[in-house]
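Here is a brisk report on one protein model. Please read it alongside the sequence and the coordinates.

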Amino acid sequence: MDRLGSFSSDPSDKPPCRGCSSYLMEPYIKCAECGPPPFLLCLQCFTRGFEYKKHQSDHTYEIMTSDFPVLDPSWTAQEEMALLEAVMDCGFGNWQDVANQMCTKTKEECEKHYMKHFINNPLFASTLLNLKQAEEAKTADTAIPFHCKCLPFLKES
C-alpha cells in the first residue's frame, strides 16, 4: 500500500473518482501507469474494472491510504496530520480546542503526544539543530567580508 497525507475533512477538497465522479474516500486506487494527472478510482469502480481512454483494467496500481502509524502505534498518519493542523489553527497550548477540532483524541492525549513527539523528541531537536548549523555554514561560506575604507570625516581622532 502506498501511503500519503490525508485529505481534509471538507469533501470538496477530495479529488473525484475518474469512474463515477464521487469524492474519494480512503483507501482508493491510483493507476501506476497512467498520468499525470494521477488516474484515481474509488474501490467500487476499480472492482468493476473501469477503463477510460488509455487506462486499462489490467494496469498496475497502488492502494492509497493514510491509515497507518508513524510515530506511535495508537495514532494514524491521518491523526498526526490533523494534530499538526489543529495546533496551527488553534495555537500551541490550546489543547481543548485542538482536541475538539481533532474529534478522535482527548485534550490530554493531544498534549502528551505533541509534547513527546514534536517538542521533546531528540530526533527532531537534532534535525532542527543540524538545519540551523547547515544554514549558518551556508551563510558563512557565501558572506562577503566588508572592509571599511573609512572616509576622512569618519576616522577616529
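## Helix α2 against α3

In this predicted model, Glu-79, Ala-82, Leu-83, Glu-85, Ala-86, Val-87, Asp-89 and Cys-90 of α2 meet Trp-95, Asp-97, Val-98, Gln-101 and Met-102 of α3. Contact means heavy atoms within 4.5 Å. Helices (H or I, at least four residues) and strands (E, at least two) are DSSP runs, numbered from the N terminus.

The axes of α2 and α3 come within 9 Å and cross at roughly 135°. That makes α2 oblique to α3. Here angles under 35 degrees count as roughly parallel, over 145 as roughly antiparallel, 65 to 115 as roughly perpendicular and the rest as oblique. Axes are lines fitted to C-alpha atoms, for helices over the stretch in contact, with angles running from 0 to 180 degrees between N-to-C directions. The crossing of α2 past α3 is right-handed; that is, the near helix is turned clockwise from the far one by less than a right angle.

## Helix α2 itself

Just after α2, Gly-91 takes a positive phi of about 95°.

Ala-77, Glu-79, Glu-80, Leu-83, Ala-86, Val-87 and Cys-90 are buried in α2. Buried means under 20% relative accessible area, exposed over 50%, partly exposed in between (1.4 Å probe, protein chains only). The buried residues of α2 pack against α3 (95-102) and α4 (107-119).

## Helix α3 against α4

How do α3 and α4 pack, and at what angle? The angle is about 105°, with the axes 8 Å apart. α3 and α4 are therefore roughly perpendicular to each other. Trp-95, Gln-96, Val-98, Ala-99 and Met-102 in α3 meet Lys-107, Cys-110, Glu-111 and Tyr-114 in α4.

Helix α4 also holds Lys-112. Lys-112 is exposed, at 63% relative accessible area. The C-alpha atoms of Lys-112 and Trp-95 are separated by 9.8 Å, and the two residues are 17 apart along the chain.

## The nonpolar cores

In soluble globular proteins, nonpolar side chains tend to be buried together. A nonpolar core is a set of buried Ala, Val, Leu, Ile, Met, Phe, Trp, Tyr and Cys residues joined through side-chain atoms within 4.5 Å. The largest one has 12 residues, including Cys-17, Leu-24, Phe-39 and Met-64. Two or more residues come from each of β2 (28-31) and β3 (40-41). β2 gives the most, with 3 residues. Apart from this core lies another, of 11 residues, among them Leu-83, Val-87, Val-98 and Tyr-114.

## Phe-39 and His-55

Beyond its neighbours within four places in sequence, Phe-39 is in contact with residues including Arg-18, Ile-29, Phe-50, Tyr-52 and His-55.

His-55 sits in the loop between α1 (43-47) and β4 (61-65). His-55 is buried, with a relative accessible area of 6%. Leaving aside neighbours within four places in sequence, His-55 is in contact with Cys-31, Cys-34, Phe-39, Leu-41 and Phe-50.

## The whole chain

The protein chain has 5 helices and 4 strands. From the N terminus on, their order is β-β-β-α-β-α-α-α-α. Of its 157 residues, 25% count as buried. Among contacts between residues at least 6 apart in sequence, 44% join residues at least 24 apart.

## Conventions

Residues are numbered from 1 along each chain as its sequence is written, and side-chain values use heavy atoms, with hydrogens and water left out. Local features need pLDDT of at least 70 and side-chain atom pairs count only at pLDDT 80 or more, while totals for chains, interfaces and linings use all residues.
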